[in-house]
Amino acid sequence: MLPSDAVKSRSRFAIALALAVALGGWLIWTSIGGSLETYSSPSGLITSANGTTYRLNGTVAPGSPANAAERAQTAAGLRFRVRDKDRPAVSVPVVYRGSVPDAFRDGREIVVTGHMENGVFQADRGTLITLCPSKFMQEQAEQGKTMPGGIPGESTGT
Amino acid sequence: MTLVGRAALLLAFAAALYAVGAALWSRRAGQGRFLRSAERSVWAVFAATTTSVVVMWTLLLANRFDVADVAGYSNLTLGWRYKITALWGSQAGSLLLWMWFLSIAAVLVVVTNRRRNRELMPVVVAVLMGVAVFFTSVLSFITSPFATVSPVPADGRGLNPLLQNAYMESHPPLLYVGYVGLSIPFAFAIAALVTRRLDSTWITSVRRWTILSWMFLTVGIILGSRWAYEELGWGGYWAWDPVENAALMPWLVATAFLHSVMVQERRGMLRIWNMVLVVLTFTLALFGTFLTRSGILSSVHAFGESTLGPYFLALILVVLAGSFALLISRMSLLRSENSLESYISREAIFLYNNLLLVGLAFAVFWGTMFPVLSEAVQGQKITVGQGFFDQVAAPIGLALLLFTGVGPLIPWRTASRRQLRRRFMWPLVVAAIAVVPAVFYAQDGAHWWAAAAIILGAFTVACIVGEFWRGMAVRHQLGGVSWPGAFGQLFVRNRRRYGGYIVHLGVVSIIVAIACQGAFSSQGDLALRTGQTGEVAGYQFTNEGGTRSRDDHKMSVGVSLAVSEGGDQFTTMVPGVDVFTAQMQRSSEVAVDSSPFRDVYVVLVGLTPDGLARISVFINPMMMWIWIGGIVMVIGALIAVWPGRRPRGPAAVIPAGADGRVRE
């Protein structure tokens, strides 16, 4: 191969590569714009404006309905409060419809996507996830209850 | 007993440390005998690690609840199978499993390279044992699987019911075999860089390892989604969860590596790129372990925050910095032997496929890490929704599907128009025919990418069938072999190529199934009293009455549903819910009726005492083809690595290309 050929091929290669990277970057950029969700605790939400999509993270406040899964299928939806992990006095009411993970119950840490509307968190359909952090595990252990620890797949997907 | 376990781990740590030292020392002039010594201590590491694994299993089977991990992940009533499984339920236990697989892999490397690659082996042993030093020190000094608790509980907390099934017995170990296996190509790559033996020897030596590890990763990922589909009861199988992404990223980069390696073997190109890919693959495997164990991201699989994050991060940084510094210092030795002659050539297609795979891996990485990055930059944790991943993965997946078909039909170096026309005529005809049903199903245009997947899938299958046809025709006409005989001969003569085609068929099946499921699935909720009938997407469900039962472990409810389509009942489905009394944990027992065109997937949401059953119904088209595709991929990979007739000689040094008999 002649040197000039090699040079030509090299520059063409660089152009092709730059083009591919630019295309990929554009794809990522345009896709990411529409799907951003801000992570927030209940205390962060209360001070926030309406409209933005949030991923609300907190624990299920005591007093959530026992037949949560069934209620979430009704037109009225499942109503419960999400409590701030760090400031237990703060909580936010949530309305949710869709499938409820098996692990859902009082005290369980959850993440749910939606937006604020007149002081109520309107959750998007089927976005409720439950988590199982180590802290909760200890609490349970102290109370002498049993619970499946922080094992992979503790809860259901979205 | 726990003392034996701890001692064995310490011994493994010491032996691994010695192996690193002895292996490196053996590189000095006249000290070659230390290599054998290092290799013997690899055996010692294996023996010691095995001992501690056996001890852990004994503790689990003997219900020794004074051990924290036994008390935390097992209990008296757990069956012995799940007691074995409970080993990798805990964090320390899963690291122990990692370490055990690593020691097994290291022994296999030592055994298979007794007479080969002697110049590379000191560094290979040092790298593998260096990783072993990390894991054994973590297991000995930071999170020990043999930690004890006091007071000793009377019973353990038991294994999460969600994990008590065959998928979870097999999914984590398979994934780990894949992760660990990827450390071997990495070790050989580093050895090649250190010793400056940068011909294709290292690549041919690790070819099988790479394909096998890749295969295990594939099976691990697919079993994981199968588990999510059958056990979690939300009708889906993949949610772009950080932990899922953690397994997908190394898989994507490993797939890129498997392809670009062929370009290096054949044309001596992409040599730096291959090094980068190997390093990235191994780093991502470590990163996967880090993601799941550090608690840095909230995931549905949250393991809880652990103290291991910084250690893994440090290891990853050391690996990255060390590898790239080494790579830069050897840059002049890695010059390409050839350059790209045409944009329509096999090597060019491999390059595009590499860019797409690595690009997708990068996008997944970006999306997964976005909350961490945005928190660091803006102070606000912003997550990326699933929409992002779907939007990026769909076009890249389709382009990959296209190249899967096109690539193998395009010759190396450069292609003539006549060749292209002859080879692509029939696949294009098939694709044109496939346009008809695809457009019919995607009438509203919203499902354009499902339509595109069907058309490209048909095209790719036609390309692959054409390849088989050409190969068989040559053997049938020239060799006078019968057609079935010719078919068999293809695999005997050129395992890797035709095994690869089989893998491609599996990939087509999976991508088309994913696209169809995404576009055409439907969902509906029904509330039915006994005797009532409801309809979802053309299927009628009649409540034929509920059942309740309870035993020592759980309370179960179920409802019997007669399912019919167009008035003909074709099955009875019984979705249920178990509530495990020990943990007060609900576990949905979904009912699935599979057929080649669709799955009917029913979840029982609730059953009131007066007989009102609330159910969620999902109609998932083509789901079965995801699992079939997975099986096909494994078969193809096994064909590709199956030991065949290979030149067995002194083979200490195989010159580049000497092994390349019929590799096109």
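This is a predicted model: local features need pLDDT of at least 70, side-chain atom pairs count only at pLDDT 80 or more; totals for chains, interfaces and linings use all residues.
Me: Two residues are in contact if their C-beta atoms, placed from the backbone, lie within 7 Å; with that in hand, which residues of α14(B) meet which residues of α15(B)?

Reply: On the side of α14(B), the residues are I349(B), Y352(B), N353(B), L356(B), G359(B), L360(B), A363(B), V364(B) and G367(B). They meet F388(B), F389(B), V392(B), A393(B), I396(B), A399(B), L400(B), F403(B) and V406(B), which belong to α15(B). Sorted by kind, the residues of this contact are 15 nonpolar and three polar, with no charged residue among them.

Me: How do I read the geometry of such a pair, and at what angle do α14 and α15 of chain B pack?

Reply: In general, two packed helices are described by the angle between their axes and by the distance between those axes. Here helix α14, residues 346-378 of chain B, packs against helix α15, residues 386-406 of chain B, at an angle of about 165°, and their axes are 10 Å apart. Because an angle over 145 degrees counts as roughly antiparallel, α14(B) is roughly antiparallel to α15(B). The crossing by which α14(B) passes α15(B) is left-handed.

Me: Let me try the reading on another pair: how do α1 and α6 of chain B pack?

Reply: Helix α1 covers residues 2-25 of chain B and helix α6 covers residues 121-142 of chain B; they pack at an angle of about 155°, with 8 Å between their axes. That angle makes α1(B) roughly antiparallel to α6(B), and α1(B) passes α6(B) in a left-handed crossing. Among the contact residues are L9(B), F13(B), A16(B) and V20(B) from α1(B), together with P122(B), M129(B), G130(B) and T136(B) from α6(B). The residues of this contact comprise 17 nonpolar, four polar and no charged.

Me: Turning to the nonpolar core, which residues of the largest one touch the most other members?

Reply: A nonpolar core is a set of buried nonpolar-type residues joined through C-beta atoms within 7 Å, and the largest such core here has 199 residues. Those touching the most other members are A19(B), V45(B), A106(B), V124(B), M129(B), A132(B) and V253(B). If residues up to four places away in sequence are left aside, V124(B) touches V109(B), A187(B), F188(B) and A191(B). There is also a second, separate core of 45 residues, which includes A69(A), L561(B), V577(B) and A591(B).

Me: Which residues does Q264(B) touch?

Reply: Leaving out residues up to four places away in sequence, Q264(B) touches S200(B), I203(B), M269(B), L270(B), R271(B) and N274(B). Q264(B) belongs to helix α11 of chain B and is buried, since 22 other C-beta atoms lie within 10 Å. The C-alpha atoms of Q264(B) and N338(B) are separated by 9.7 Å, although these two residues are 74 residues apart along the chain.

Me: Which residues does the cis peptide bond join?

Reply: The cis peptide bond joins S150(B) and P151(B), with omega about 0°, and P151(B) is placed in the loop between α6 and α7 (166-181) of chain B.

Me: Finally, how many helices and strands does chain A have?

Reply: Chain A has four helices and seven strands, and along the sequence they follow the pattern α-β-α-β-α-β-β-β-β-β-α. Chain A has 158 residues, of which 40% are buried. As for how its contacts span the sequence, among those in chain A between residues at least 6 apart, 56% join residues at least 24 apart.

Technical notes. Residues are numbered from 1 along each chain as its sequence is written. Chains are lettered from A and ligands numbered from 1 in the order in which they are written. Axes are lines fitted to C-alpha atoms, for helices over the stretch in contact, and angles run from 0 to 180 degrees between N-to-C directions. Helices (H or I, at least four residues) and strands (E, at least two) are DSSP runs, numbered from the N terminus. Angles under 35 degrees count as roughly parallel, over 145 as roughly antiparallel, 65 to 115 as roughly perpendicular and the rest as oblique. A crossing is left-handed if the near helix is turned anticlockwise from the far one by less than a right angle, and right-handed if clockwise. Ala, Val, Leu, Ile, Met, Phe, Trp, Tyr, Cys and Pro count as nonpolar, Asp, Glu, Lys and Arg as charged, and the others, Gly among them, as polar. A residue is buried if 20 or more other C-beta atoms lie within 10 Å of its own, exposed if 12 or fewer, and partly exposed in between; C-beta atoms are placed from the backbone.
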